[in-house]
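This report describes selected local features of one protein model.

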Amino acid sequence: MKTFYIETHGCQMNVHDSEKVAGLLAGRGLIPVASPEAADVLLLNTCSIREKAEQKVYSRLGEFRALKKRKPSFVLAVLGCVAQQEAMDLIEKAPFVDLVVGTHRYHEIPHLLEQVRVHGRPIVRIERMEDPEPVEIDTVLRENNFRANVTIMEGCNKFCTFCVVPHTRGPERCRPSWQILEEVRRLVDAGYVEVLLLGQNIDSYQDPSSRKWKFAELLKAIGEVPGIRRVRFTTNHPKDFTPDILAVLERTPTICNWVHLPVQSGSSRVLRRMKRLYNLDEYLDIINSIKTLEKKIALSTDIIVGFPGETDEDFEETLSLVDRVQYESIFSFKYSPRPNTPALKLEAREGVPETAKQWRLNRLQSMQRRIQEHQNRQLVGTVQEVLVEGRARDGEKWFGRTPSNKIVNFDPDHVVPGQFLDILIVGFGPNSLQGQPV
Ligand code: SAH
Ligand code: SF4
Ligand code: F3S
């Protein structure tokens, strides 16, 4: 019997793609193992969103080369966004790689591995599928048995000037609503209590079936599946975040009170140059409509500092936006020049120096840390419903999440992952809460 190991970098979509590939391989009798060293087949699922992520792929491949030397029958496959972007170049840079599979071709992996074995030379399979619907892979080996990732759409048509995703994932492709609902019902029957709906641009979902549902209609139907306890979705584009989504969010109790709404910059001038398709006022209008809901929504966002040509004044506008919105969390990044993107040209002319990027990132993050500490302090003394996820990093405490996606650590009790607990919040840090079961 052969064994396999998948190492996953990048976003939740990649995590879920790896679950699907694991399901395909397990279905063919391969056995998942806990380390690369124990595997006959090693698959590296890669991310290309920033230069660092891509560099990491090549440094990991360098490390895996030694395994290959020790065991010549060892098969090394590269999947994901770097595979899609680099294609043949990857084999040139790392000739010991056996298989390169692009983001549209995962269903072919068992067959491609067989081909590698028979022919004994590297294979590159990165052609895009022309079909407007993604190929269904319904044998998924999931990471846990209480929260399930569910892809509803893949790809992106937006082409923000800094971003590789439309190139690596291709144009938007949506799954039919009936297929998604069937999957969610099956998951609930199997005991899952939470689903995390995934899409690079989830709120632009367009049902390809005759129902022609929009995202809000699909979200409502999923939230009403009998037995489901929590529904989350990520990630939204502000341009597509329409009022009907808010209405569903407000009225459907199972839909968690958390909205991730990436803004990227607080300066309308920078937003235009990023081709984000909204300006600051339009973004703030959405934020205001979210804040006027009766259901209290936790907001999170993504921010890029040091986009080419970003001035100190532009950056100050980002800080003032963050201060105004009071996000519960932000993911912040230094702009990273990416291949085949229009911002590359801007970077050559008016790139922001590394020191300025770093300084801006530090200021933004320390401001956000104070905001989070302030918010978390307010929660001390409240009781929160927590879905238990597992052991915390220290190995002693447990951790779980509130509906608003806050992490709560608590001391051992007789709990199992997937259980709901009421937890009294007794302490806090900038990134998490501490509590006691009540
Ligand atoms: N579809 C989502 C984002 C997916 S990528 C959206 O439109 O918001 C996740 C985040 O990575 C982005 O929101 C952005 O903040 C960041 N990112 C993307 N490209 C980047 C780049 N070239 N440099 C730095 N950060 C980048
Ligand atoms: Fe990238 Fe923009 Fe598409 Fe998001 S919306 S994936 S940032 S191109
Ligand atoms: Fe990375 Fe591709 Fe996801 S670039 S963030 S793995 S879509």
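## Lysine 295

In this predicted model, K295 counts as buried because its relative accessibility is 18%, under the 20% limit. K295 is placed in the loop that runs between α11 (280-291) and β13 (298-305).

Apart from neighbours within four places in sequence, the residues in contact with K295 are L249, E250, T252, P253, I255 and N257. By contrast, D312 is 17 residues from K295 along the chain, and their C-alpha atoms are 36 Å apart.

## Glutamine 200

Q200 belongs to the loop between β10 (194-198) and α8 (215-223). With a relative accessibility of 17%, Q200 counts as buried.

A polar atom of the Q200 side chain lies 2.9 Å from the backbone nitrogen of G155. Beyond four places in sequence, Q200 is in contact with M13, M153, E154, G155, C156, V165, R169 and T235.

## The cavity

The model contains one cavity of 30 Å³ or more. The largest cavity has a volume of about 130 Å³. Its lining comprises 13 residues, of which T103, Y106, V135, I137 and E154 are the closest to the centre. E154 is also among the contacts of Q200.

The largest cavity lies between domain 1 (3-125) and domain 2 (147-375), because both domains give residues to its lining.

Key: Residues numbered from 1 in each chain as written. Chains lettered and ligands numbered in written order. Predicted model: local features only at pLDDT ≥ 70, side-chain atom pairs only at ≥ 80, totals over all residues. Heavy atoms only, no water. Helix = DSSP H or I, 4+ residues; strand = E, 2+ residues; numbered from the N terminus. Buried < 20%, exposed > 50% of the residue type's maximum accessible area, 1.4 Å probe, protein only. Polar contact = N/O pair within 3.5 Å; in protein donor to acceptor, adjacent residues only side chain to side chain. Contact = heavy atoms within 4.5 Å. 1 Å grid on protein atoms, 1.4 Å probe; cavity = no way out; pocket = protein on both sides within 12 Å on 5 of 7 lines; lining within 4 Å. Points joined across faces, edges and corners; volume = space filled by probe spheres on them. Domains from an automatic or database assignment.
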